[in-house]
Amino acid sequence: MFLIWGNKPTEKIIGTTNKIFHCDHCGNDIRFQLRLSRNWFTTYFIPIFPLSTKRRLECPICQYGCDVSKEKALEILAECSQSLK
């Protein structure tokens, strides 16, 4: 029997900051995006469990940014949801 495994990266935008930041890379003043990237263990191309997780705060124009901790990402998301109310 054949067993096929590998990994599959996924990425999605989970929030946008309320504050406008100045991007040092492209020079734009813009709201940064919070992205969640996961690398999944797959069997027969079906994602089974995440191998790694990264949260990144980045400029939506040039994708320049930095990795943030889980606590900081939750703080940013809470700030975003408060502004929607």
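This is a predicted model: local features need pLDDT of at least 70, side-chain atom pairs count only at pLDDT 80 or more; totals for chains, interfaces and linings use all residues.
Two aromatic pairs are present in the structure. A pair of aromatic rings is described by the distance of the centres and the angle of the planes. For Phe21 and Phe32, the ring centres are 5.3 Å apart and the planes stand at 50°, so this pair is tilted. Phe21 belongs to strand S2 (residues 21-22), while Phe32 sits in the loop between strand S3 (29-30) and strand S4 (33-43); the pair therefore ties together parts that are eleven residues apart in sequence. The two partners can also be described by their accessibility. Phe21 has 27% relative accessibility and counts as partly exposed, whereas Phe32, with a relative accessible area of 10%, is buried because buried means under 20%.

The other pair is formed by Phe41 and Phe49. Here the ring centres lie 5.1 Å apart and the planes are at 20°, so the pair is stacked; the cut-off for this class is an angle under 30 degrees. Phe41 is partly exposed, its relative accessible area being 24%. Phe49 also counts as partly exposed, at 40% relative accessibility.

Turning to the cysteines, the structure holds zero disulfides. The cysteine sulfur nearest to that of Cys59 belongs to Cys26 and is 3.8 Å away. Because a disulfide requires sulfur atoms within 2.5 Å, Cys59 is in no disulfide. Cys59 is buried, with a relative accessibility of 0%. Cys66, by contrast, counts as partly exposed, at 41% relative accessibility.

Key. Residues are numbered from 1 along each chain as its sequence is written. Side-chain values use heavy atoms; hydrogens and water are left out. Rings of Phe, Tyr and Trp (its six-membered ring) pair if their centres lie within 6.5 Å; planes under 30 degrees apart count as stacked, over 60 as edge-to-face and the rest as tilted. Helices (H or I, at least four residues) and strands (E, at least two) are DSSP runs, numbered from the N terminus. Buried means under 20% relative accessible area, exposed over 50%, partly exposed in between (1.4 Å probe, protein chains only).
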